[in-house]
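Visitor: I would like to learn how to read this model feature by feature. Can we start with strand pairing?

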Protein chains: 2
Amino acid sequence: MKQVRLGIAGLGTVAQGVLSIISMNGGKIRDRSGIELKVTRVSSRTAKPEVDLLGAKFSQDLSDLVADDVDIVLELIGGEDVARNLIEAALDANKPVVTANKALIATYGNDLLSSNVNVPIKFEAAVAGAIPIIQAIQDALICNDFHQVVGIINGTCNYILTAMEEEDQPFATALSNAQALGYAEADPTFDIEGVDAAHKLTILAGLAFDTPFELEQVYVEGITKITALDIEYAAELGYRIKHVGVAKVVGAEVEARVHPALLPSGALLANVNGVANAVVVRSDAAGQTLFSGPGAGGMATASSVLGDVVALARSGESRDGGARSKTRYIEIGEVICSNYLRIPVRDKPGVFAQVANTMSEHDISIEAAIQKEPVAGSAFVDIVIVTHAVAESVMERAVATLREKLGELEVSQGDISRIRIETLE
Amino acid sequence: MKQVRLGIAGLGTVAQGVLSIISMNGGKIRDRSGIELKVTRVSSRTAKPEVDLLGAKFSQDLSDLVADDVDIVLELIGGEDVARNLIEAALDANKPVVTANKALIATYGNDLLSSNVNVPIKFEAAVAGAIPIIQAIQDALICNDFHQVVGIINGTCNYILTAMEEEDQPFATALSNAQALGYAEADPTFDIEGVDAAHKLTILAGLAFDTPFELEQVYVEGITKITALDIEYAAELGYRIKHVGVAKVVGAEVEARVHPALLPSGALLANVNGVANAVVVRSDAAGQTLFSGPGAGGMATASSVLGDVVALARSGESRDGGARSKTRYIEIGEVICSNYLRIPVRDKPGVFAQVANTMSEHDISIEAAIQKEPVAGSAFVDIVIVTHAVAESVMERAVATLREKLGELEVSQGDISRIRIETLE
């Protein structure tokens with residue numbers, strides 16, 4: 001039996017989850033792995049709350065964690081500067097680190113991973129909560145060449161879009177319900193504008209494609225412009241709208257983008273609902289695999305933190321430190337996608353023809369279209385079209401032209417809504 | 001850089017997949033893990049086929065694999081006796097083993113795992129092909145107390161049921177299409193009668209619940225009695241029929257069973273179609289996680305074999321050898337489930353009342369019922385009911401009584417079809 005002594009930074013929900021799990025399942029973990037997890041130190045800058053620290057010494061000074069009686073440091077405070085300093089101090093003292101901090105890894109991961117290369121840092125909990133997606137990519141599927149990673153990696157967005165779809169809630173209602181249930185922050189910007197998903201996608205893309213983490217290369221779009229109408233039309237066309245992160249290899253380059261997308265309703269990923277997360281991985285040997293589960297929550301995230309801890313304790317492995325050669329990321333303008341367009345117009349003869357002509361002038365083929373009768377008493381209709389795959393820049397030019405022409409015809413009734421389509425093929 | 005020398009037993013599709021992957025992705029594996037995989041020996045009792053052996057020595061004598069120039073033995077021949085002898089010889093020579101042989105592990109795993117405890121055996125590929133479900137249970141989720149494992153773990157059954165549902169094929173047609181496509185063997189018994197799924201469930205239950213593998217304790221039922229009518233009625237009631245393996249903890253005991261089941265149509269698992277496999281794991285910290293992907297195929301299975309190889313090479317870990325304490329398995333008669341019953345009868349007054357009375361006499365509540373008008377010109381109808389949860393033995397007695405009473409009334413028009421319901425909750 002091997003005892004491994006843990007120093008935990010933070011006393012938020014994830015840290016409390018770690019303490020609970022060790023308290024509940026420490027015996028099971030020992031029986032299964034031969035490793036006894038012992039929390040020797042806990043540190044939090046705020047006062048010590050009413051939590052059982054399992055006999056650990058408490059300190060408000062984080063630097064107390066880098067001590068002789070700590071074998072592995074768990075960075076569970078979040079934020080950037082303080083967390084980074086702690087991790088660097090731990091690595092300098094040859095102490096492996098486990099962190100749940102996605103912003104930190106996405107932003108400073110390259111530096112952290114390239115310093116002190118013999119001391120491991122693990123961060124399964126940084127992406128998709130309880131889902132062991134990093135272990136899948138780095139261990140189980142290690143012999144695969146990865147082609148694509150597509151994930152629903154923000155639970156707040158998925159909760160909101162699911163509520164809009166299943167309960168016919170407008171965006172604002174779904175958001176405030178999410179806030180009431182604790183699924184969205186008081187300031188939800190970070191989630192609903194896609195920033196959180198971009199952090200996670202940065203990490204997934206770097207790991208799957210053996211490249212550095214390049215947050216600034218990820219195209220980011222949130223869900224604030226999605227309307228109930230879009231969800232309805234998408235359903236009619238055989239799709240569901242999800243907020244996804246997509247990273248894929250295109251020739252020698254990589255594209256990485258976070259945005260709402262129409263997914264074919266029959267696809268497993270399209271049926272991941274509520275706050276759940278899921279990631280689809282496509283690779284040469286394993287084919288298409290999908291991993292789903294809770295993307296957040298103290299216990300779920302702590303489950304991944306402790307998975308990393310046991311892996312470190314078992315193997316004493318040194319950092320993976322794979323040869324991460326820089327690759328070119330594709331500009332969003334060059335990305336090729338099918339598109340859904342909803343064009344709100346005044347119902348006048350020739351308007352649909354104008355839409356069709358504009359697409360045709362830009363060499364964009366239309367795969368499907370819906371134009372309903374106007375609702376009784378209304379003069380307004382939505383023209384909905386689905387295009388074949390086309391470069392973003394071409395699509396953008398076509399939409400701009402269309403906007404202009406509908407303006408000239410004085411039939412425009414609101415902005416054109418464009419949502420990309422992911423076929424998952 | 002560390003070179004790891006492999007001795008491969010077998011030259012079937014999985015062994016060929018292993019060779020292809022090393023040939024295609026050997027460089028990537030080396031860059032990622034610092035481990036160079038070198039195939040030094042290949043052995044197959046049949047003649048050497050036209051396959052690139054990557055420079056390995058070929059022999060028709062399996063015992064040649066246990067040689068000084070082999071670090072890890074890959075048992076990919078299948079079958080029981082010869083495979084078992086090879087594995088024992090490898091372990092005796094201190095050579096770690098990776099196997100894809102589910103029947104062998106389910107049947108002899110306890111003996112193999114308890115002998116030579118310092119030499120590891122890994123068998124990710126034995127369950128659900130490319131899906132890293134064993135790694136998830138043993139590594140990523142190791143700190144969890146597992147409550148339930150429910151899986152679609154036989155691709156042949158899933159292909160047949162999906163084709164029956166989506167393409168309205170009768171069982172026999174779906175089976176012969178599966179055979180034509182290579183998804184079912186010429187003699188499909190092993191798959192369609194549930195034996196293959198029972199092997200896999202035995203392994204999953206043992207690992208999740210820290211108990212020995214007990215194949216003979218698994219209740220086994222195949223899909224041969226499922227009809228198109230059952231699939232239709234299930235859909236009407238909000239369910240899809242899948243062939244599942246269910247293992248769960250009930251108090252201090254375990255229940256493990258393989259049979260067709262109605263799953264709520266909205267559940268992610270119910271939307272796993274075609275030859276795909278998927279496993280849902282419910283545990284205390286991680287909550288409900290799902291893992292899906294190809295359950296068979298040379299490359300997909302080889303992906304898991306090589307994941308194990310790299311894990312062994314990286315860690316040099318000794319056998320997990322967890323304390324597998326025997327537990328009581330629950331007899332099928334004590335298992336508690338909701339049930340779907342389809343009762344084909346002659347359309348006469350009082351028949352439905354007889355069904356309802358019989359259930360009531362056995363204290364079985366009816367949750368939902370369908371009775372259609374007879375098709376024009378026919379005097380026969382199906383009475384379909386969904387029961388609340390009830391012990392199997394009670395349900396069986398009620399069905400026997402009902403069979404008798406309908407016989408007395410001379411209205412029975414075929415045997416009663418009973419399918420269990422899994423709510424996944």
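Guide: Look at Asn277(B): this residue stands opposite Gly293(B) in β12(B). The model is predicted.

Visitor: How many residues lie between β11(B) and β12(B) in the hairpin?

Guide: Three residues lie between them.

Visitor: Which strand pairs with β11(B) over six bridges?

Guide: Strand β7 (residues 146-152) of chain B does, in the antiparallel sense. For a landmark, find Val149(B), which stands opposite Val281(B) in β11(B).

Visitor: How do I read the two faces of a strand?

Guide: In a regular strand the side chains alternate between the two faces of the sheet. Now take β11(B). One side carries Ala276(B), Ala278(B), Val280(B) and Arg282(B), all buried. The other carries Asn277(B), Val279(B), Val281(B) and Ser283(B), also all buried.

Visitor: Why is β11(B) described as largely enclosed by the rest of the structure?

Guide: Eight of the eight residues of this strand, 276-283, are buried, so β11(B) is largely enclosed by the rest of the structure.

Visitor: What is the strand order in the open sheet of chain B?

Guide: Six strands run in the order β3-β2-β1-β4-β5-β6, and the pairing is parallel. The edge strands are β3 (57-59) and β6 (121-122) of chain B, each pairing on one side only. Check the β6(B) end. Strand β5 (residues 97-99) of chain B pairs with β6(B) in the parallel sense over two bridges. There, Val97(B) has Ile121(B) in β6(B) as its bridge partner.

Visitor: Now a helix. Which residues of α11 in chain A are buried?

Guide: In helix α11 (residues 351-361) of chain A they are Val351(A), Val355(A), Thr358(A) and Met359(A). They cover an arc of only 100° around the axis, which puts them on the same side of α11(A).

Visitor: What do the buried residues of α11(A) pack against?

Guide: They pack against β13 (336-346), β14 (366-371), β15 (380-387) and α12 (392-408) of chain A. Turn to the face directed away from that buried side: here sit the exposed residues Ala353(A) and Ser360(A). After the helix, look for Asp363(A), whose phi is positive, near 60°.

Visitor: Is Gly206(B) buried or exposed?

Guide: Count C-beta neighbours; the cut-off for buried is 20 or more within 10 Å. Gly206(B) has 25 inside 10 Å, so this residue counts as buried. Its place is helix α8 (residues 195-209) of chain B. Gly206(B) and Thr327(B) are 121 residues apart in sequence and 9.9 Å apart C-alpha to C-alpha.

Visitor: Let us step back to a whole chain. How many helices and strands does chain A have?

Guide: Chain A has 12 helices and 17 strands. Its radius of gyration is 24 Å, close to the 22 Å of the globule rule for 425 residues, so chain A is as compact as a globular protein of that length. Along the principal axes, its C-alpha trace spans about 80 × 45 × 35 Å. Buried residues make up 55% of the chain's 425 residues. Of the chain A contacts between residues at least 6 apart in sequence, 75% join residues at least 24 apart.

Visitor: Where do the domains of chain A fall?

Guide: Domain 1 covers 2-126, domain 2 covers 133-294 and domain 3 covers 332-421. The C-alpha centres of domains 1 and 2 of chain A lie 28 Å apart. At their contact, 10 residues of domain 1 meet nine of domain 2. The domain 1 side there has five nonpolar, three polar and two charged residues.

Visitor: In which sense do β12(A) and β12(B) pair?

Guide: They pair in the antiparallel sense, over three bridges.

Technical notes: Residues are numbered from 1 along each chain as its sequence is written. Chains are lettered from A and ligands numbered from 1 in the order in which they are written. This is a predicted model: local features need pLDDT of at least 70, side-chain atom pairs count only at pLDDT 80 or more; totals for chains, interfaces and linings use all residues. Helices (H or I, at least four residues) and strands (E, at least two) are DSSP runs, numbered from the N terminus. A residue is buried if 20 or more other C-beta atoms lie within 10 Å of its own, exposed if 12 or fewer, and partly exposed in between; C-beta atoms are placed from the backbone. Two strands pair if DSSP finds at least two bridges between them. Domain bounds come from an automatic or database domain assignment. Two residues are in contact if their C-beta atoms, placed from the backbone, lie within 7 Å. Ala, Val, Leu, Ile, Met, Phe, Trp, Tyr, Cys and Pro count as nonpolar, Asp, Glu, Lys and Arg as charged, and the others, Gly among them, as polar. The radius of gyration is taken over C-alpha atoms; the globule rule is 2.2 Å times the number of residues to the power 0.38. The arc is that of the directions from the helix axis to the C-beta atoms.
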